[in-house]
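Please go through the sequence and the 3D structure shown here. A short report follows them.

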Amino acid sequence: MGRTLIVSHRLPFNVVIKDQDFHLETSVGGLATGLMPLLQSNNLWLGWSGSNKKVSAKMSEAIHKDFTDRGCIPIEFSDDDHHPFMDDMCNGVIWPLYHYQVGNLPLQFAGWDEYVKCNKKVADAIARVAKPGDLIWIHDYHFQLVPEMLRERNLDVKIGFFLHIPFPAYEMFRILPWRKEILKGLLGADLIGFHTQDYLDHFIDSVDQILNADTDESSVTLVDRTVQLNTFPLGVDPSELSRAFDGDNSLAQALHHVREEHPELKIFLSVDRLDYTKGLARKLLAFEYLLENNPSLRGKLMLVQIAPPSRGDVPAYKKFRRQLDEYVGRINGKFSTPVYQPIFYLTRSFHPQEIYQVYKDVDVMLVTPVRDGMNLVAKEFIASRDDDDGVLVLSEFAGASSELHEALMINPYDICQMAQCFKTAVAMPKPEREARMRALRERVIHFHTADWAKSFLDQLSSVPAQLRRIQFDHPKFLARDIAEKNLPLEITLDYDGTLFPIVKVPASAVPDQELRELLKRLSERSDLHIVSGRPMRELKSWFAGIAVHLHAEHGAVNEAQDSMVSSHEVETIQKLSRGLQKIAGKYAGTRVETKLFSCCFHYRNASPQSAERAANEAQKFIEDFYPDMQVLNGKKTVEARYPHLNKGVVIHELLQKVTLSCIVAIGDDRTDEDMFQAVPDDGFTIVVGAHASNARYRLKDSDDVRSLLAELCTQLEDIKNSREQSADGHAKLTSRFPNERSADFLSL
């Protein structure tokens, strides 16, 4: 059985340096705690060890050895790369965007190049140590490009990715300039995990809208394989919560002292990193609103807010910290008395065991983020309350809210509702508190962090081996082979799915400027033909000004001859169209495209529940009432056409007109097979995609097609320049020796 290679930004140990010596201290947090047992086997953990610029070379070597002895492989990043990677891109762009905090996005996005570079460095480090059969488990938003980078190396491994923060809704995710690159990067994995079903659904929606890939509720089907998707809500380890703290717990002692002096006091506790996603500011305002509008509660409520600072180098965090300081100062100034202070604001880190002990001594736990991936504080509080008492107030925008239904749910954007919920929490009678807490504990204590890790790895290990059975040709090498034919080229190109990716709205598939320039450049070096199912008027408007031959309606209409379809055939198509229109009227997201010689039923935008049913009904209608028509099942289409009119006609016409030429035909669906079959054996037939085809060569997608054409232009230009230089050299020689025959001179 293979090993498990864990990959995260930080290794599970921190380097603590003191008095010219060091030791490794176990990191705190759910990830390190939950996955640490995996290091007891022959597994590895790859990640950044932290910046140790001030240590000597000898100590650095010793630190590295200590890490490797514990099964960790440090990955070192230069400051020039790591700072923009982490502060500018990860913390400055991805973190606020994924948490819906667009107001905290910088005016100019920076750090993408370094993000790519650091992801590549991680992929390189994994590739160096990976062995056949290994499971690679990549964690979080820092390394979203690594799965695809590993996939490109064709390693005999299985790749898993887990996102520990929310995946945003499509309308938010599409803000990213590199949205396609990130989705493609993630889809390099065999299994992608999320905390909640909402996050998984958002991911599927983004893949569907941006990449137009085939998706269902738990997978994404790519050209050559299927990516599995699932939810894996992270748990906590109750044994860690009950472990005694060896040090001096000043926090617990302080609260105990307050309890003794003020037995009537109700204590709220909130433990959050000092981060704008945690809802700290709104929580303070809600607490202020509660005291302002309920004078009888003044002196009877106290909020202990623990907020250790984080990401202090990011401007948005500096501004946020100043804002919180002002709020706390104002509220305490307004409601404090000589013997009472409403807010104790602690901006330092505590050992987890210190906080775990405090959980049992508070009345209400406030977990109020404006957006959070899961939030383990809520689960830790529940797991620690073996007295079945205490109240959890939980934001509906925390991932944990999908599980912890017995908590008091609040909308952190509604300060008045929050304040009312705080009041309800302190007034809740004990029987209700205990009933809610028992139900919460029943759910939390039976699913540990170790169970979370096991469930993910079990599914990843069970994913069928999906090494590429279909080999794609490299655009550069294929272009070289075509150019080396050293013959005039007749290039016939399909459009949708070949030159331009399939899109949900066909009208939006307008050629971009890059494509137009590429085709113009290619048309200057070969005879170029576009053979598309689209109408002629559309093709003419798109390719005006480019020396390209246009063949519309799958070759039935061209610029020289308006139509190859008889009036009777046109009338039959119109009748067929009216019948299919009635079927389309029954299924939302379906439509009928009527052409001169064919009729196409589109169901790409139909819901998964109705798409197959609609397609089957359309196909049966055609076969029952129009048996002379040929039925083609394309990419989310059912097309009926006359068999004698197809793209192969274009190739046959070319063969009658040209001699000593090389024909290159490129297409992506069933309608292009007629074109492939008509190309002579010395030509090149190229299919786009992994489906069955008679084509002799295969490219992965439309990007590969463009790469092929661009490389072909370069190859043809090189050949032309080489010929011109040779001819120019020959001309210079004959001009210097005008009385000598060239052959005699060259033989000297």
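## Overall picture

This is a predicted model. The protein chain has 748 residues, and 53% of them are buried. Its C-alpha trace spans about 110 × 75 × 50 Å along the principal axes. DSSP runs give 26 helices and 28 strands in the chain.

Of the contacts with a separation of 6 or more, 70% join residues 24 or more positions apart. The exposed surface comes to about 34100 Å². Carbon and sulfur atoms supply 50% of that area.

## Helix H3

Helix H3 covers residues 79–98. At Cys90 the helix bends by about 40°.

## Charges and salt bridges

The protein chain carries 87 positive and 105 negative side chains. The centres of the two sets lie 2 Å apart. How many salt bridges does the structure hold? The count is 39.

Lys647 and Asp494 form one of them, with an N to O distance of 3.0 Å. This pair links distant parts of the chain, 153 residues apart. Lys647 sits in the loop between strand S25 (637–641) and helix H23 (648–657). Asp494 sits in the loop between strand S18 (489–493) and helix H19 (513–523). Why do both partners count as buried? The cut-off is under 20% relative accessible area. Lys647 is at 0%, so it counts as buried. Asp494 is at 5%, so it is buried as well.

Arg385 and Asp387 meet through their side chains at 3.1 Å, N to O. Here the partners fall in separate classes. Arg385 is buried at 3% relative accessibility, whereas Asp387 is partly exposed at 39%.

Arg480 and Asp481 make another salt bridge, at 3.6 Å, N to O. Arg480 is partly exposed, with 35% relative accessibility. Asp481 is also partly exposed, with 30%.

Asn375 has a positive phi near 80°, and it is not a glycine. It lies in the loop between strand S15 (364–367) and helix H14 (376–384). Is Asn375 buried or exposed? At 9% relative accessibility, Asn375 counts as buried.

Leu660 is not a glycine either, yet its phi is positive, at about 55°. Its place is the loop between H23 and strand S26 (662–667). Leu660 has a relative accessible area of 71%, so it is exposed. The cut-off for that class is over 50%.

## Points to look up in the model

- The bend of H3 at Cys90, about 40°.
- The Lys647 and Asp494 salt bridge, 3.0 Å from N to O.
- The positive phi of Asn375, a buried residue.
- The positive phi of Leu660, an exposed residue.

Definitions and conventions
Residues are numbered from 1 along each chain as its sequence is written. Side-chain values use heavy atoms; hydrogens and water are left out. The bend at a residue is the angle between axes fitted to the seven residues ending there and the seven starting there. Helices (H or I, at least four residues) and strands (E, at least two) are DSSP runs, numbered from the N terminus. Buried means under 20% relative accessible area, exposed over 50%, partly exposed in between (1.4 Å probe, protein chains only). Contact means heavy atoms within 4.5 Å. Accessible areas come from the Shrake-Rupley method with a 1.4 Å probe; for residues, only the protein chains shown count as cover. Lys and Arg count as positive and Asp and Glu as negative; His and the chain ends are not counted. The place of a charge is taken as NZ of Lys, CZ of Arg, CG of Asp or CD of Glu. A salt bridge is a side-chain nitrogen of Lys or Arg within 4 Å of a carboxyl oxygen of Asp or Glu.
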